[in-house]
Structures are given as structure tokens and as C-alpha cells.
Amino acid sequence: MTIQEKYKARVKELLSTGAVKMVIGYKPGSTAERRRPLFMRSPEEADQLVLDTACIANLAGYLVAEGLLSDDKRVGIFLKPDGIRSINILAAEAQLNIDQIVVLGFDIDGQEVNALEGESAGDFSALIESIKDHAPEAPRNPLIEQIEQMNPIQRFDFWQTEFSRCIKCYACRQACPMCYCRRCIVDSNQPQWINTSSHTLGNLEWNIIRAFHLSGRCVGCGNCDRACPVNIPLRLINARMGQEVLGAFDHFAGMSETQEPVLASFKKDDSETFIL
Amino acid sequence: MSESFEPKIIAFVCTYCTYTGADLAGTSRLKYAPNVRIIRLPCTGRISPMFILKALQQGADGILVSGCHPGDCHFTHGNYHARRRWMVFRTLLDFTGIPSERIKFSWISAAEGHKFAELINSVTDDIRKLGPFDQYKNLIRETEAPATL
């Protein structure tokens, strides 16, 4: 039995026994290599389910849709390890009750899709632990090294060129499972912190603040990067900030549902070499 | 860069330590560079990264953020939170090309009037050497230009 058939049977079982009220998975998208989220409420709907190497989107963000979890019923969801980290963060930030989530874990390894053992987010803690341990030696994006080699003027120019394409569609925000604020800082106009116009200054400010709000929270799922219609390498900034919080505070986002958010906690001996 | 360039520096300070330190510098009749505009806030923990971006947006050449020494915070740990935030924000600004030499952080207590005066002088000198933040100012000018089709 392929993993897809195995999981299809599992979804049908979950839905027919009433263990969950909904399962969030994938179905075919508009092209052969695209997948679309599938919200299954009845066992019959599970027939459309697809699970293959094209299922790369992180679906965790759908869990915080208004009212979905407010009836205390459980919801099943297909998640890769990054998605499991996402729901840990959402739980740590009190956005959802982790006991309501049934995880249908899978991982993509090259051309293979493997099932992950476990049902609740806590069952994957050993897996996430090993991802954290391997994070420092994981291959860095060569572009990050390249940007760091530049002098500030070149770096500013590099990002200015990238950000000048931004059309402020906020697709990066909509696609991100961590951007759940009902009122985003760019939507606040008293005071108006960030220029709303899509000129380069406004774009720069938006992207800096977006990256700052994701520092220590981003799991690198790449949803923002894929959603960007003008291909700004948003993932680079997020990855760089992830390295920073790991190096400076030994913080790896999404370890458990009780992990303290990195910027809402502190240690008395945090590094402060830069302070005069 | 012309010889007469005088940088505009915005200082975000906490009212309990650095602002009182600045007061002490004043009452002690210490002279320091007039380039700094001080903005008083309740705590360094109240200093949002938005303030720093806003100051740059308004044409600042340099920014100073200053508050109580660790352990001295009036609210017990506002400055510890602030320290983490700056560490991260500083890296982010650096990675996006806003030179970290333009954004300075310091701890100045209410008793350190001298340190305040010296710091303002040295920060002003440093920023003067760096010159105006032309790259950012070009972006600001672009926002004021009429839209092109």
C-alpha cells in the first residue's frame, strides 16, 4: 500500500468515527506540479486526497482560521516537520490548543514521501530535537554568504533592487502561518508606522518589519517565498534571522508547545558586546 | 561630503536612567554636541524597532538607544527584553544594508552625566565621519517625487 493509500484510509477512519471534524490535506492543483489545500469533512471527500513530493506547502496557517477550533472538536492536518514546528509555536503563543490537533505527519526525502510516526505534536519532539542538532551544519544558502561578504552599501543596493519589485500585495503575510494578527502593523494608521505606498522605502520598511516579527518564529517552510509574485528571496532574511537566534540565544523555533518565544524571554547573561 | 555636514542624531532614552543622566550633564554644565534630539520614553522595553525605522524615515543620520544598566531597570526587566530585541534587530538591519555603525546602543545610569556627554560627543563624531545617510535619503526623496507611469 502506498503512503497515499495508507493515509487515505486513515483519514476515512478518523472522519467516519467522528474522532475529528475535519482533516486538512492536499488535492491536485491547477498544474501537475501544484497542490491545493483540501478540507475534508466527510469520508467521501478523502477520495480526492493526494500525498506526494509536490505537497510542500505548510498548511498550519489554516488552523488559526477564525472559529475553526472554537468548538473544542479535533482537527486532523497533514504536516511536514516544519509544519509540526509551526503548530508548536502557535500553541506556545496561545493561538491554538495543541490537544485539538491530530497530526498526520509525513516527510519528503528527495523523490520519496515517508510517513512519520506519531499522532500529537508532542510525539515528534525527538525528531525536532535532531533537526535542531543538525541545524548548525546544515548547508547554508550560498547567497547568504555572498550577501554577508558585501559591504553595507552593496548590501543596501542588493536589497533595494529586490524590494523595488515588491508590489505590497502582502501575499507573504497571508501565506505565513505565523502572521495571524487580526490587525497587522501595516494596517494600523494611528500612527502610521510604515509607508503604505509601494515605493522602495515603504517596501524596505515593510520587509524589515515582516522579517523582524518572524525572527525566532520562522520555521523556514518557504510559504512566503513561494507566494511572492515577484520572487523576492524572503527566505534568505528569515534564514539569516533563524541563524542569529540559534547562535545568540540557542533558540530553535517550534521545539515544543511550551517553548518560550525568544523575544518575550531573556537571560540575564545574554550577549551584549555591541552595547556601549 | 562637505566640511559643514552636521549629522542629525535621534536618541531614544529611558526616563529613569539615561534621561536623568542627560539632566545631570545639563545641571553639571557639561558641554556636548548639539546634534542629538532626545526622545524620552518610560523604559528601553518601550522602544520599538518601529521608532528606529521612523527616525530613519524622517531623515536621521544616526540613532542612539540608551537606558538603564542591566539589573537597574525601574520595571525590573524591561532592559533585558530590550537587549534581546536589539541584538536581533541590529543583525537584521545589518543584513539589509543599514550599517550598524549608525545605530548605537548604550547603558547610561542617572549618575553618569559625564558618560552621557562623552558618548554624545563620540557618537556625533563617528556619524559625522560616516557622512549623511545618502542611500536612505535617496529613498526618502523618491517618495516625495511625483508618481511616474
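**Chatting through a two-chain model**

User: Which domains is chain A divided into?
Analyst: Chain A has domain 1, covering 3–133, and domain 2, covering 142–251. Keep in mind that this is a predicted model.

User: OK, and what separation is there between the centres of those two domains of chain A?
Analyst: Going by C-alpha atoms, the centres of domain 1 and domain 2 of chain A are 26 Å apart.

User: How many residues of the two domains are in contact?
Analyst: On the domain 1 side of chain A there are 11, and they are in contact with 9 residues of domain 2 of chain A. Those from domain 1 split into 4 nonpolar, 5 polar and 2 charged residues.

User: Switching topic: how many residues of chain B are in contact with chain A?
Analyst: Chain B puts in 33 residues, in contact with 35 residues of chain A.

User: Which element of chain B gives the most there?
Analyst: Helix 3 of chain B does, with 12 residues. The elements of chain B that give two or more residues to that side are helix 2 (49–57), helix 3 (78–95), strand 4 (103–107) and helix 5 (134–144).

User: Now helix 4 of chain B. What span should it have, at 1.5 Å a residue?
Analyst: Helix 4 of chain B runs over residues 113–130, so its 18 residues should span 26 Å. Its end C-alpha atoms are 26 Å apart, which agrees.

User: Which of its residues are buried?
Analyst: The buried ones in helix 4 of chain B are Gly113(B), Phe116(B), Ala117(B), Leu119(B), Ile120(B), Val123(B), Thr124(B) and Ile127(B). They sit on the same side of helix 4 of chain B, because the arc they cover around the axis is only 165°.

User: What covers them?
Analyst: The cover for those buried residues includes strand 1 (9–14), helix 1 (18–27), strand 2 (36–41), strand 3 (62–67) and strand 4, which belong to chain B.

User: What comes just after helix 4 of chain B?
Analyst: There you find Gly131(B), with a positive phi of about 85°.

Definitions and conventions
Residues numbered from 1 in each chain as written. Chains lettered and ligands numbered in written order. Predicted model: local features only at pLDDT ≥ 70, side-chain atom pairs only at ≥ 80, totals over all residues. Contact = placed C-beta atoms within 7 Å. Helix = DSSP H or I, 4+ residues; strand = E, 2+ residues; numbered from the N terminus. Domains from an automatic or database assignment. Nonpolar A, V, L, I, M, F, W, Y, C, P; charged D, E, K, R; others polar. Expected span 1.5 Å × (residues − 1). Buried ≥ 20, exposed ≤ 12 C-beta atoms within 10 Å, placed from the backbone. Arc of directions from axis to C-beta.
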